[in-house]
Amino acid sequence: MENQQLQNQHTLKGDISISGVGLHTGASVNMTLKPASPGSGIKFQRVDLPNQPVVKADVDYVVDTARGTTLEHNGARVSTIEHLLAALVGTGVDNVLIELDGPEIPIMDGSSLPFIEAIEKTGIQDQDAKKIYYTIDTNISYYDEQKKVEMVALPALDYSITCLIDFNSPVLGTQHAKMKSIENFRNEIASSRTFCFLHELEYLLNNNLIKGGDINNAIVVVDRAVNEEDMTRLAKAFNRETMSVQREGILNNIELRFPNEPARHKLLDVVGDLALIGYPIKAHIIANRPGHASNVEFARKIKAYIKKNKHNKDVPVYDPNQPPIFDTPRIERTLPHRYPMLLVDKIIELGEERVVGIKNVTFNEHFFQGHFPANPVMPGVLQLEALAQVGGILALNRVPDPENYDTYFLKIDNCKFKQKVVPGDTMILKMELLSPIRRGLVEMRGTVFIGNKVATEADMIAQIIKTREGK
């Protein structure tokens, strides 16, 4: 697993207010989407409850998938979140706080399009933080034998979805839908409305489970013969004078937006539910007969895979063909170290909060003469010294005349050696600032990569000290 592509994160340019009714609760809901800081993700806040609890859009907090996807955490419960989440993914919004004064997201017309139109009207703001896509290097599969649901994520360079449905229905038949890229979501998927079968609708109505339903926010597939008495009862349930069924088997003769609108809506649900992974992914998803329960379980499997391999998400890319930012002579003008104690060959990345250096380990290193000469292994303390030198460049890059300062390391915590470093290895040395520099104290986290595997990691604290007078 490796990071496939970097771009900036995005939030909203301003607040967005949306009102409507919940499909299942029938409750009127006022909802406000607000810009959020980088890295905060998608969060829901129940402003109608004491202490206004917040629940993050995360698969770990899913508590119900019976008639939509429901989250609950910290006393905040939010239902039917999938259409709004799909709209956020489809428009590229990474960080947003969703305030609402009820337990369910408004159903609108049963699709994601009204949310997307509202987002487009307000606009999206580019943020000064990188968005890292996770890719997979193996197939991830989920299968529910009882429901005959099969889902698989295949390694890919983009995020695409193929969805197949088969309800053994003469009205719908077998349908499939495809989204080649998330860029196609808005025009090809977003307007597809939720649907149900007449027998499901009757059960929901009889059990008072669809209080906010309206013929304008769902497609009802008529899967059995109906008589005038049935039509009268349905018309009363939907506050209509009359209702009818045309030969295609769609209640009240609603015109479909696409011939395969039900399959496209199932794909829409997959997009929304997989947003609960919590990480943007690059993969080709194939979903056969998906539903909210299977989507959520599949999301759990993908999230578990990402967490297991999470350290690879930010492996620096080293291209030896690219010229370094600092070569060895330039490094020597910043650091006081010289051979044999200069353990950094070049700096390939240098920013305000991160630096990446390279150390090519050869058999001719002086320490291999005495450190396991028959089985040469680079001493762990020298790996830490190499990290410290790279961290020194990050620290000294923050002062106006770095040649007059040195860095002295005060503390090392959480040090772990996970893999041997041997001759022939190329050490990729990454140091990241953990907090703002105060009083010359620099707190950093260091990682040594060999390829895309972590060899060594540690937290370090250094101090910047003026050692020479300016020239």
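Q: Contact means heavy atoms within 4.5 Å; on that basis, which residues does H265 touch, not counting residues up to four places away in sequence?
A: This is a predicted model, and in it H265 touches H83, G110, S192, R193 and T194 once residues up to four places away in sequence are not counted.

Q: Where is H265 found?
A: H265 is part of helix α6.

Q: Is H265 buried or exposed?
A: H265 counts as buried, because its relative accessibility is 1% and the cut-off for buried is under 20%.

Q: What about the rest of α6, how many of its residues are buried?
A: The helix is mostly covered, with 14 of its 14 residues buried.

Q: What span should α6 have, and how far apart are its end C-alpha atoms?
A: Helix α6 comprises residues 261-274, and at 1.5 Å a residue its 14 residues should span 20 Å. The end C-alpha atoms are 20 Å apart, which agrees with that expectation.

Q: Back to H265: which residues does the UniProt "binding site" annotation cover?
A: According to the UniProt record, an unreviewed entry, the "binding site" annotation covers H83, H265 and D269. These residues span 187 residues in sequence, yet no two of their C-alpha atoms are more than 9.4 Å apart, so they gather at one spot.

Q: And where does H83 lie?
A: H83 lies in helix α1, which runs over residues 82-91.

Q: Is H83 buried or exposed?
A: H83 has a relative accessibility of 4% and therefore counts as buried.

Q: Which residues is H83 in contact with, leaving aside neighbours within four places in sequence?
A: With those neighbours left aside, H83 is in contact with I107, G110, S111, S112, F115, T194, H265, L268 and D269. That list includes H265 and D269, which the UniProt annotation also covers.

Q: How many residues of α1 are buried?
A: Helix α1 is mostly covered, as 9 of its 10 residues are buried. Those buried are E82, H83, L84, L85, A86, A87, L88, G90 and T91.

Q: What happens just after α1?
A: G92 follows the helix and takes a positive phi of about 80°.

Q: Now N184: where does it lie?
A: N184 lies in the loop between β14 (174-179) and α3 (185-188). At 24% relative accessibility, N184 counts as partly exposed.

Q: What does N184 touch, not counting residues up to four places away in sequence?
A: On that count, N184 touches M179 and I189.

Q: Changing topic, how many aromatic pairs does the structure hold?
A: The structure holds 2 aromatic pairs. In the pair F367 and F368, the ring centres are 4.7 Å apart and the planes stand at 70°, so the pair is edge-to-face. Both F367 and F368 are buried.

Q: Which residues lie over the faces of F258 and F326?
A: R264 lies over the face of F258, at 3.9 Å from the ring centre. R330 lies over the face of F326, at 4.2 Å from the ring centre.

Q: Finally, the whole chain: how many helices and strands are there?
A: The protein chain has 9 helices and 23 strands. Of its 471 residues, 51% count as buried. Its accessible surface comes to about 22300 Å², and 47% of that belongs to carbon and sulfur atoms.

Q: What share of contacts join residues at least 24 apart?
A: Among contacts between residues at least 6 apart in sequence, 71% join residues at least 24 apart.

Notes:
Residues numbered from 1 in each chain as written. Predicted model: local features only at pLDDT ≥ 70, side-chain atom pairs only at ≥ 80, totals over all residues. Heavy atoms only, no water. Helix = DSSP H or I, 4+ residues; strand = E, 2+ residues; numbered from the N terminus. Expected span 1.5 Å × (residues − 1). Buried < 20%, exposed > 50% of the residue type's maximum accessible area, 1.4 Å probe, protein only. Phe/Tyr/Trp six-rings, centres within 6.5 Å; stacked < 30°, edge-to-face > 60°. Lys NZ or Arg CZ within 6 Å of the ring centre and 35° of its normal. Contact = heavy atoms within 4.5 Å. Areas by Shrake-Rupley, 256 points an atom, 1.4 Å probe, with all protein chains shown as cover. UniProt positions renumbered as here; feature names shortened; annotations may be inferred.
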